[in-house]
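Student: I would like to work through this model with you, one question at a time. Could you begin with the terms I will need?

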Amino acid sequence: MLEGVVINSRQHVGLQKLSALSGRIRSSVGPFKNYKFIQDESSGDSVLVCSCFRIIENLEPTCAVGQLVYETVRGHHKQYHTGSGCLLFLAGGWSRAALDSLRRGISVKHIITAMSEGIDICLDVCKKFSVSFKDLAVMEKCTAAPGGTKKASTDASIEMANFHDKCLSKSGQRKVKLSRHFCEAKSDMLSTVRHPDQPDMIVIAESLSHGCEKAMKLAVEAAQMLLKTNQQRIRDPLFDISKMLTCLVSGLPEDYACVVEGCILLLSDEQAAAAHVVKQQPLKVALITGDLSQTYRHLGFKSLPGEQCVCEDLDLSVSSKEDEWVDKVVKLLLNLEVKLILTAGLVSQKVIQHCCRHQILVVEKVNSSVLKTIGSSTGAIPVNYATQLTESCVGDGVNVEIWRDLSSYERKSLTAVNISTGRSSGLVTVVVTSCVHGKLQALEDQFWACAYRLYHALKDRALLPGAGGAELLCVHQLQKQAEHDRVKDSKTGSAANLYRGLVLQLMADGLIDYIAAVMVNTGRFTAANARTIVSKQLTEFHRDEISTEKFLQLVSQSKREDAGFSAVKPDEAPALNIYDNLSVKQEAWRKALDLVLLVLQTDAEIITGTGQKNEGNLMLL
Amino acid sequence: MKELLKSSYGPTARLKQVHNNIGGAVVTTSTSSVLLQAISSSHPIVSLIKGSILNHVSRFSDCGLFASVFCLSLIEEAGRCDLSQNVIIRVNKHLLSLCTAHLQQEDCGCKVQLDFCSSQSLITLARSVISSKPTCVLSEPESAHISRLAVQAFLLTVPCNIPDKVRLGRTVTIPMEGHSVLESAVFPGLLLDTPENISLGNLCSPLRMVLFSASLAGDLSELGDGRIEVHQGVDTDSQIVDQLLELGKQVLKDEVKLFVCQKVIHPVLQHYLRCNGVIVIERLGISLMEPLIQLTGAQPVATLHTTVPWEAYGEVHVSVRPFGSKTKLHLHPAGKTTICTMILCHRNETMLSELKLVCQKTEHVLRLTLREPCALLGGGCTETHLAAYVRHQSKNDVSESSPVLGCSQTEYLLAGEAFCRSLESVATSLEHDDGASLIDLTHAHHWTLPSDATEEHLEDAAALCGCGVVQSCQNKKWSYLNTEYAEFSPEPLLTASPLQPTVLDSFTAKVNALEVAVETANLVLDVRYVIQDVN
């Protein structure tokens, strides 16, 4: 994969690798992503990937730099589930900046100081220009005018005064853009529980959807369902994302995706039969954290290698140890009147058969957070071994419902059941469906990205102007600083400032490249075209010094002029206000720079190993 | 090898990525202990040098790269100056004793007495160690924060009331990925991972606790590979579980509220104890055993087959402390403790592991100051100062020393020059960006000049010397380090100097590193033949 870019041996090889690696994901940044096939040459397997994280994951980079990249991206993805592309792209862009600086003879030390200063400027800009929820709520209030006048003014909004401009465009956009579902949800769910300083979650969600409107719709629905069930307990606008689950069903069209309260699990034929018996009645439940089989032992248990059985008399009638164990377990379960067993591990076939015969439903491979939630709401205590079960470990009041019989869609039969507790367990399952099996993973990723974007927005209580707005501002600030350095430089004549200005300028170029790539990916701009628009925008910025108050309005204007920034499809004319997550973006930028600085300072790779000694100097500068 | 290590030396060093040839994890570092271990060579001389440096590092933690760079340049210079190796070895030995004698003197120009009344100099020392490893990627405030923490942790481990035998405590480091460096913190006592949703509820402190070092997993792992024969119908597993529950009953009877095991605890026993209101912690790990014993006074129980003696129980105060997404159980004794826990946070794994290494090193360096409460000027100033001093001294005593060492005066001077050049080359290797290294001709301190600065801007470009004690002024004379200059005796610094040194090195570690380097170089020079057994 890396051979795609010609590596010039006179340059810093590590940085080149980084930049080459990030080149792979160029078409995957921004809201419009292209699917990619990644094929394993040795086995012939291939996967369909969409997000940047999955690309890197499936590429399995083997070189040292590649591993460093993967480690960083994985860490980021685990925490935020979004923004990996931004991280990797900027790591590439800034490694090119570092390469350029090296080529111009700037020392590593100077590059490091200047770049650290650059990131400080960028993070500062983000902090300064972030839109807090309070501001958003105020903006929204402007829109709370009667519907009729709103519509009229939408048409005239172009001529309206700048102050009202933003709000009005927003309201107009909502009229046109919102699906029927959003309107409904708003009226019956959120209107009653809105905090005064809290903007509408739907509006936030929409501005964070970044092209995945369907996934975001699901995320909003799930979040609202979670909030509704928890409302009695805490009046916190933040939902508990650990109680969100996904269930992947292939074979159904994508429109069948939906949000269901409770926990949806897929069952096989045998289990389904048991489920039909126990459905729609309060059940006793047992939770098992290990496998449900005779040979299972807990983690850390070492079985004796030298154990030998001595038989005193030959008794052929004795049944096998496993049968004995299964009988014991089933008897215990019947005694405790347990009708439902959820295990985190696997269940042996024999146990399933025996349990089904006694009308006990056994479900394996259940998410551990589900076990915990069901445990806390039913009073069941998860145990490791089935033999450990006692009266006090068994929970009460779980409902099993046949949610849908999916047998007709696939050849092998498949039934989905909904397991929920009467007293609103607080679990919400999002069913992701697709006719194409390979696409399920991408759709699930999209959903999680949206859910986490929403979650982090609510957690930060602030948003960042999106659609390249934040990046543009950073570019502007960086270029201003660079210019300032250059002017100061010509006066004093010292060289240190000159370097700084140059490096800052190059860093700004990296950001411009990012904006341009996002615009090109929308498919409506050529690379040159995108750059022209960006630079036009920048000169506008430079002409009039922007202040904080004026800024918001500027960005919204800019968006109308070149709708290419936004993720809205071309036929939907009014531009949408697009926002990004504050903490996610800041963290991604910082991680990208950390990566570049680490690689920049590395000059050799020492390969140790079992084989012959191998030690090579990478950098030939 | 010299180039490799030289480029890793100092705060602006280049980093190395170490990994094995079958695609193992990549370690990015510039730490000598990791680097040297990674270098494997079939050449016995390389292994010899590697061995002696690693030995030094294991004893003193610091100055491993200094020792290796100095040793290698001594060997290199010796090869260049065309003298008999015997002479060089003898002169080297003589000059080494000259150096150490000078460093031990009270009025040595590059030595700073550490003042334990204020933490300032200790923090400076810690900071020099921490900032010498660029893999940590620390900003100014971050490295200041970490140095403060390191000193705080060090002070916590020094016992207050001194019995007849002083015994230092321990610092336990817990790395945490994904948080900002500034969230790192130091706590007295120990922080342990807790099982989820723990509630201290109505437990009154201090709690009685028991500590097991034996595995309570319910297996018979103590037996090793031996064979045992079991009668049919006998279930060994359930018998051990019964034994474990017996143990649990006894512990409950003795009102134990905290049950800790180094290894795995059988889930049945865990369940039984939890149901009876005992906090259970398993898989403590061997490294936390010793601090926990010191903290609580509990004796580890190594078997499950006898009743637990009363003396084995310990007592400890317990509180719950949330940290990030995790909750930790905070154990602290009633009185003062010399055990403390340092939580280190960083944004990613690579930087975090290097930071952990550096903090452990800092702790060691700070401890060494207790043995000898002084430090050496850092930033290459000690090296240049020593070089100037040795050069001056060897000129003066050439007539007396050369007959004692059995060589001619010229030979003596040449070997001395080689020694000084090696010292200076260590100082030079602090600079990695093609900058020039300078020495001033009054105090003999080390100055670096960025490659782009011109002669006129000398004063602007290098305002302070390497260690930050001497300020540049107009009437100073300079010389490039690799050029010849007239010998002179370095002037001692005025005691009323307004500037505090900003970079300090560990005295004990550096003196030892100097000795190790010279002795290893001498040994290598003494080797005539290498006999290799190829079978």
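Tutor: Helices (H or I, at least four residues) and strands (E, at least two) are DSSP runs, numbered from the N terminus. This is a predicted model, in which local features need pLDDT of at least 70 and side-chain atom pairs count only at pLDDT 80 or more, while totals for chains, interfaces and linings use all residues. Residues are numbered from 1 along each chain as its sequence is written, chains are lettered from A in the order in which they are written, and side-chain values use heavy atoms, with hydrogens and water left out.

Student: In which helix is A:A223 found, and is that residue buried or exposed?

Tutor: Buried means under 20% relative accessible area, exposed over 50%, and partly exposed in between (1.4 Å probe, protein chains only). A:A223 is found in helix α11 (residues 213-230) of chain A. Because its relative accessibility is 0%, A:A223 counts as buried.

Student: What percentage of the residues in chain A is buried?

Tutor: Chain A has 21 helices and 17 strands. Of the 621 residues in chain A, the buried share is 54%.

Student: What is the orientation of helix α5 of chain B relative to helix α16 of chain B?

Tutor: Two packed helices are described by the angle between their axes and the distance between the axes. Axes are lines fitted to C-alpha atoms, for helices over the stretch in contact, and angles run from 0 to 180 degrees between N-to-C directions; those under 35 degrees count as roughly parallel, over 145 as roughly antiparallel, 65 to 115 as roughly perpendicular and the rest as oblique. The axes of α5 (residues 85-104) and α16 (residues 507-526) of chain B come within 9 Å and cross at roughly 170 degrees. Therefore α5(B) is, relative to α16(B), roughly antiparallel.

Student: How do the residues of the contact of α5(B) with α16(B) divide into nonpolar, polar and charged?

Tutor: Contact means heavy atoms within 4.5 Å, and the residues making this one include B:I88, B:L96 and B:L103 of α5(B) and B:F507, B:V511 and B:L514 of α16(B). Ala, Val, Leu, Ile, Met, Phe, Trp, Tyr, Cys and Pro count as nonpolar, Asp, Glu, Lys and Arg as charged, and the others, Gly among them, as polar. The residues of the contact then divide into ten nonpolar, five polar and three charged.

Student: With which residue does B:E76 form a salt bridge?

Tutor: A salt bridge is a side-chain nitrogen of Lys or Arg within 4 Å of a carboxyl oxygen of Asp or Glu. With the closest N and O atoms 3.4 Å apart, the partner is B:R80.

Student: Which residues do salt bridges that share partners join into one network?

Tutor: The side chains of B:R421 and B:E417 meet in a salt bridge, at 3.8 Å from N to O. Being four residues apart in helix α14 (residues 409-428) of chain B, B:R421 and B:E417 are separated by about one helical turn. B:R421 is partly exposed, with a relative accessible area of 33%. Through shared partners, salt bridges make one network of B:E76, B:E77, B:R80, B:R391, B:E417, B:R421 and B:E424.
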